[in-house]
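User: I'd like to learn how to read a few features of this model. Could you take me through them one at a time?

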Amino acid sequence: MKNADESKVLKYIVLTQMKGLGPVSQKALLDICGDVEACFAAGCDDLIKAVEAGLIGRKRIESFINQRSDKKLWEQAEKILCSSELLDVNVVTYEDSDFPERFNGIRDVPIVLYSKGKLKINLYVKSVGIVGARRCTLEGKKMAISSAVKAVDANAAVISGMAKGIDSYAHTAAIKTNGYTIAVLGNGADICYPKEHEKLYEEIAEHGCILSEYPPGTLPREYNFPKRNRLIAGLSDKLYVIDAGRNSGALSTVDYSRKYGREVIMCGGSIADLSRAIPIGQF
């Protein structure tokens with residue numbers, strides 16, 4: 001027999017694996033019912049009333065009702081929970097105390113997160129996102145390192161995506177200065193991508209946190225990374241974008257940051273601009 005906590009986590013995972021229900025609909029269901037247990041216990045008539053009240057669409061409610069007893073979904077959720085435990089991946093749900101408070105009020109963030117290491121972003125009053133070009137300039141590299149060091153000096157968490165270039169320099173600088181850093185991935189938290197960052201991945205897991213909305217075993221896919229970027233934006237009070245060109249993937253992080261009301265500072269060009277772009281003490 002499963003304990004109450006495990007049963008609740010399974011329900012969360014089942015909800016995230018349902019077809020036709022994204023994070024916005026999942027969160028709406030939780031708000032309507034009160035919690036995940038109530039979602040799965042609610043009668044069909046009560047759920048339909050939410051549609052009549054304009055709180056959620058009929059197709060979304062019908063999709064939930066049709067899938068909440070699906071045996072295959074429950075088996076899939078069991079496998080995800082089991083593999084998470086075996087791989088030392090933590091399952092963090094919407095109502096857990098470790099769930100990022102900075103996600104409050106953002107409708108399109110996930111209700112379940114998977115992490116390796118310590119997810120303690122809520123302990124930090126300040127957080128700084130640092131993203132940018134994979135093939136960055138020497139000046140850009142110096143900017144990433146300097147901005148991460150200044151963030152740590154200001155007791156701010158450093159958020160990035162563990163990509164080549166700017167991301168990796170920011171994470172590395174934060175770790176070397178005994179700071180806290182979170183790497184948000186576009187694949188399962190158990191998978192190191194890119195592969196050549198295996199040492200960095202292990203260091204972040206040991207000293208910071210590897211974070212993903214995708215279950216263990218999820219391979220990196222191109223379409224996952226723009227979605228990943230919204231989590232970087234949501235976790236960051238300020239976002240520094242370094243050496244990003246017109247076609248840079250980092251620009252989607254800029255879009256999300258502005259959508260969420262975060263401050264965005266674009267940095268690039270001469271290293272002489274750094275003192276103006278990233279003043280000490282303003283993290």
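This is a predicted model: local features need pLDDT of at least 70, side-chain atom pairs count only at pLDDT 80 or more; totals for chains, interfaces and linings use all residues.

User: Is F225 buried or exposed?

Analyst: F225 counts as buried because its relative accessibility is 16%, and the cut-off for buried is under 20%. Leaving out residues up to four places away in sequence, F225 touches G186, N187, Y193 and P220.

User: One of those is Y193. What is the peptide bond from Y193 to P194 like?

Analyst: As a general idea, most peptide bonds are trans, and most residues other than glycine have a negative phi. Here the bond from Y193 to P194 is cis, with omega near 0°. P194 sits in the loop between β5 (181-184) and α9 (198-207).

User: And phi? Which value does M162 take?

Analyst: M162 has a positive phi of about 60°, although it isn't a glycine. You'll find M162 in the loop between β4 (156-160) and α8 (166-176). N178 also has a positive phi, near 60°, and its place is the loop between α8 and β5. Now look at accessibility: M162 counts as buried because its value is 0%, whereas N178, at 73%, counts as exposed.

User: What about charge, say for K27?

Analyst: K27 is in helix α2 (residues 23-33). K27 is buried yet has no salt bridge; D108, the nearest side chain of opposite charge, is 7.0 Å away. Setting aside neighbours within four places in sequence, K27 is in contact with Y94, I106, R107, V109 and I111.

User: Last one: how many residues line the largest pocket?

Analyst: Rolling a probe the size of a water molecule over the atoms shows where empty space is left. The largest pocket has a volume of about 250 Å³. Its lining has 14 residues, with T16, Q17, Q26, E213 and K227 nearest the centre. The elements giving two or more residues to that lining are α2 and β2 (112-117).

Conventions:
Residues are numbered from 1 along each chain as its sequence is written. Side-chain values use heavy atoms; hydrogens and water are left out. Helices (H or I, at least four residues) and strands (E, at least two) are DSSP runs, numbered from the N terminus. Buried means under 20% relative accessible area, exposed over 50%, partly exposed in between (1.4 Å probe, protein chains only). Lys and Arg count as positive and Asp and Glu as negative; His and the chain ends are not counted. A salt bridge is a side-chain nitrogen of Lys or Arg within 4 Å of a carboxyl oxygen of Asp or Glu. Contact means heavy atoms within 4.5 Å. On a 1 Å grid over the protein atoms alone, a cavity is a set of points where a 1.4 Å probe fits but cannot get out, and a pocket is an open set with protein on both sides within 12 Å along at least five of seven lines; lining residues have an atom within 4 Å of a point. Grid points are joined across faces, edges and corners, and a volume is the space filled by probe spheres set on the points.
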